[in-house]
Amino acid sequence: MSATQRRRRTAVGLPRPTRDAGRRVTELGHDRPEMARERARTERRDLDKERGEPLAGARGGKRRLKRMGRPLDAWSTRPRILVTNDDGIESHGIVALKRALDPIGEVVVVAPESNQSAVGHQKTLSRPLRVRERTLPDGSVGYSVDGSPTDAVSLGLLGFFEEPFDLVASGINYGANLGDDLTYSGTVSAAMEAVINSTPAFAISQEYSERVDFTLAGIAAARVARNILEHGLRRGELVNVNVPAVSPDECGGIEVTRLGKRVYQDQLIGRVDPRGLPYYWIGGPPPSGIGLPGTDFHAIVNRRISVTPVHLDLTGRRLLRELPGWDWALDTAAVSEEDAAVARPPATEQERFAEESQLERR
Ligand SMILES: [Mg+2]
């Protein structure tokens, strides 16, 4: 068995996660105002508790929390770091990130075999994944997968390698991921997948420029990695880093920011192909952003590295309080026989659903 084979194993026999784990069912209804207020307060406290934050309305100061991080010299072994990206295994950014993190820990590279930018949190469930061993430009070994950045992280964290990872680093993406970009970004989604799998993670992206140089981004990545390993992240948290396209001498340092507002200028371009068939391309001018102080956009415009804390809890807090006051009565009488017939798939499809349902329960 080669050294490479010893380092990995198949996922056969690994425990399967339970899909319903942690699912909560909330019954909606109409309360008296004081009951609604009390329930809103309780829900806010429950959410804060889940997120590991100081409890809303709690007295007695901040809640003391368990942290996973510890000083690097207190680690008994070198931290294991999984490096991935969405620009593909052949991108320069991933090699720059690997080399920046090599002094900190044992780095393993797993990335999509082709550019997967803007695929978001796509996960491949309908076909097998093929993994290839690759030689990176610095001579080290990496792995490519014919899937998405999320697939790459899943491989790494679900058993392709024998040992677990202490940190996932995604990048260095060529092009910033600011504000609303996070909803499209394969780079950030890879970090999100790590967090879902209980592994601390950060994403790092660099602003577009004609002459690409990842030197500053590499320095920033090393600083962020050290901080996460030493301080730890809480459940659901990740860090999104954006680096301006300047040299280390021109950079104004690191700023902790909040997400800003991206302004897209997408246009649907319709053309006709050589065979006379119409096709459509989503294009248009590059997006801009609103540079309010304190945001990631403002930091980048002012040549500072933006470090934004992100949480996977996307709950809309205002709506959480407001929605119970809406009318939730189900109008079952409005369903016609024709609608009901259309809503029920034919018998052949029902059999397929039944099979899938049974597979899901196993
Ligand atoms: Mg990309």
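**A walk across an open sheet**

Let's start with one pair of residues in this predicted model: Glu-255 has Ser-306, in β13, as its bridge partner. That pair belongs to a parallel pairing, in which β8 and strand β13 (residues 305-311) are joined over 3 bridges.

Now step back to see where these strands sit. An open sheet is formed by 9 strands, in the order β3-β4-β2-β1-β5-β6-β7-β13-β8, and the pairing is mixed. The edge strands, each pairing on one side only, are β3 (131-135) and β8 (254-256). From one strand to the next, the twist averages 25 degrees.

Is β4 mostly covered or mostly uncovered? It is mostly covered, as 4 of its 5 residues are buried. Helix α4 (residues 149-157) lies across β1 (80-84), β2 (106-112), β3, β4 (141-145) and β5 (167-174), and runs at about 140 degrees to β2.

Finally, a word on confidence. The protein chain has a mean pLDDT of 86, and 81% of its residues reach 70 or more. Over residues 4-31, however, the pLDDT is below 50, and over residues 56-67 the pLDDT is below 50 too. Where pLDDT is low, the predicted coordinates should not be read in detail.

How values were computed: Residues numbered from 1 in each chain as written. Predicted model: local features only at pLDDT ≥ 70, side-chain atom pairs only at ≥ 80, totals over all residues. pLDDT = per-residue confidence, 0-100. Contact = placed C-beta atoms within 7 Å. Pairing = 2+ DSSP bridges. Helix = DSSP H or I, 4+ residues; strand = E, 2+ residues; numbered from the N terminus. Axes fitted to C-alpha atoms, helices over the stretch in contact; angles between N-to-C directions. Buried ≥ 20, exposed ≤ 12 C-beta atoms within 10 Å, placed from the backbone.
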